[in-house]
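Please look over the sequence and the model below, then read on by topic.

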Amino acid sequence: GKLDAAHPLLPGLPQNAKAVLHAEGVPQESSSRSSSWAPSWSASGHQRDGPFATSTRRKASVEHVCSWLQALLGLQADSVRNQAEHVEALWESFLRRYEDPDEALEVLCEQLLRTQRDWQKKVWRVFIAPYAPSEQEKDPLRDVCLFLLLWGELGNLRFCPELVCFLFTAASELCATAASECPGSVGRREGAFLEQVVKPIFNVM
């Protein structure tokens with residue numbers, strides 16, 4: 001089959017991503033949540049009154065990030081819900097060794113994404129980044145959520161490590177663009193990632 005270039009994560013991401021940002025806005029889940037992407041979540045999590053200070057706040061932060069990513073990429077709701085719980089469980093597990101929630105999250109991110117970071121340095125930055133430069137701020141919570149959400153969508157494709165690295169890095173680029181240029185950003189219908197990215201790739205393998 002032929003890959004559907006309509007989805008922003010397929011080849012041509014740098015050109016397609018901006019067009020995606022001007023689609024319909026992400027619907028707000030509730031008035032108690034911020035309607036925009038909030039990189040400041042990780043700025044002061046070690047403080048007693050910080051956004052990561054309690055398990056309830058950490059859970060709310062994870063759910064907010066996952067909801068934003070679901071709308072941005074068109075992920076399946078049930079998969080997103082499962083992976084949000086996965087992120088929460090991993091974070092709480094790391095907190096048994098690291099008292100500081102920020103430190104626990106950063107170590108989790110470093111260990112979980114070691115392969116992806118190495119691939120980015122050796123492949124993406126060498127062959128792709130020169131043609132699509134972007135400045136990404138570190139955001140461990142977003143990156144951990146993003147990786148596990150993609151993992152949950154990919155099915156058997158998750159056993160193609162370089163493909164996973166490519167999709168994660170491309171999605172990271174899209175997230176960085178969406179967060180910086182259109183904070184309230186975009187909505188894609190549920191299941192779009194599965195239909196427009198996963199299935200077409202699976203069909204040609």
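**Overview**

Of the 205 residues of the protein, 46% count as buried. The model is a predicted one. The protein has eight helices and zero strands, and its pattern along the sequence reads α-α-α-α-α-α-α-α.

**Whole-chain figures**

- The accessible surface of the protein is about 10800 Å², and carbon and sulfur atoms hold 50% of that surface.
- Among contacts in the protein with a separation of 6 or more, 76% join residues 24 or more positions apart.

**The loop between helix 1 and helix 2**

- G50 sits in the loop that runs between helix 1 (13-21) and helix 2 (55-73).
- G50 has a relative accessible area of 2% and is therefore buried, since buried means under 20%.
- From G50 to P101 there are 51 residues along the chain, while their C-alpha atoms are separated by 9.7 Å.
- P101 is itself one of the buried residues of helix 4.

**Helix 3**

- A84 has its place in helix 3 (residues 77-94).
- The relative accessible area of A84 is 7%, so A84 is buried.
- Apart from neighbours within four places in sequence, A84 is in contact with V62 and C66.
- H64 lies 20 residues from A84 in sequence, and the two are 9.5 Å apart in space, C-alpha to C-alpha.

**Helix 4**

- Helix 4 has 12 residues, and from its first C-alpha to its last it reaches 16 Å. The span expected at 1.5 Å a residue is 16 Å.
- The buried residues in helix 4 are P101, D102, A104, L105, V107, L108 and C109.
- Helix 2, helix 3, helix 5 and helix 6 are what the buried residues of helix 4 pack against.
- A104, which lies in helix 4, counts as buried because its relative accessibility is 0%.
- With neighbours within four places in sequence left aside, A104 is in contact with W91, F94, L95 and Y98.
- A104 and S93 are separated by 11 residues in sequence and by 8.8 Å in space, C-alpha to C-alpha.

**Helix 4 against helix 5**

- Two packed helices are described by the angle between their axes and the distance between the axes.
- For helix 4 (residues 101-112) and helix 5 (residues 114-128), the axes come within 4 Å and cross at roughly 65°.
- On the helix 4 side the contact is made by C109, E110, Q111 and L112, and on the helix 5 side by R114, Q116 and R117.
- Sorted by class, this contact of helix 4 with helix 5 has three charged, two polar and two nonpolar residues.
- C109 in this contact is also listed among the buried residues of helix 4.

**Helix 5**

- Helix 5 has 15 residues and reaches 19 Å from its first C-alpha to its last. That is close to the 21 Å expected at 1.5 Å a residue.
- A kink of about 45° in helix 5 is centred on Q120.
- Q120 is buried, as are Q116, W119 and W124 of helix 5.

**Helix 6**

- F147 is found in helix 6 (residues 140-154).
- F147 counts as buried because its relative accessibility is 8%.
- Not counting residues up to four places away in sequence, F147 touches L112, L113, Q116, V164 and F168.
- Two of these partners, L112 and Q116, also take part in the contact of helix 4 with helix 5.
- F147 and V164 are 17 residues apart along the chain, and their C-alpha atoms are separated by 8.7 Å.

**Helix 8**

- Helix 8 (residues 192-204) has 13 residues, so at 1.5 Å a residue it should span 18 Å. The end C-alpha atoms are 18 Å apart, which agrees.
- Helix 8 has a kink of about 30° at V198, shortly before the proline P200.
- V198 and P200 are both buried, and the other buried residues of helix 8 are A192, F193, L194, Q196, V197 and I201.

Terms used
Residues are numbered from 1 along each chain as its sequence is written. This is a predicted model: local features need pLDDT of at least 70, side-chain atom pairs count only at pLDDT 80 or more; totals for chains, interfaces and linings use all residues. Side-chain values use heavy atoms; hydrogens and water are left out. Helices (H or I, at least four residues) and strands (E, at least two) are DSSP runs, numbered from the N terminus. The expected span of a helix is 1.5 Å times one less than its number of residues. The bend at a residue is the angle between axes fitted to the seven residues ending there and the seven starting there. Buried means under 20% relative accessible area, exposed over 50%, partly exposed in between (1.4 Å probe, protein chains only). Contact means heavy atoms within 4.5 Å. Accessible areas come from the Shrake-Rupley method with a 1.4 Å probe; for residues, only the protein chains shown count as cover. Axes are lines fitted to C-alpha atoms, for helices over the stretch in contact, and angles run from 0 to 180 degrees between N-to-C directions. Ala, Val, Leu, Ile, Met, Phe, Trp, Tyr, Cys and Pro count as nonpolar, Asp, Glu, Lys and Arg as charged, and the others, Gly among them, as polar.
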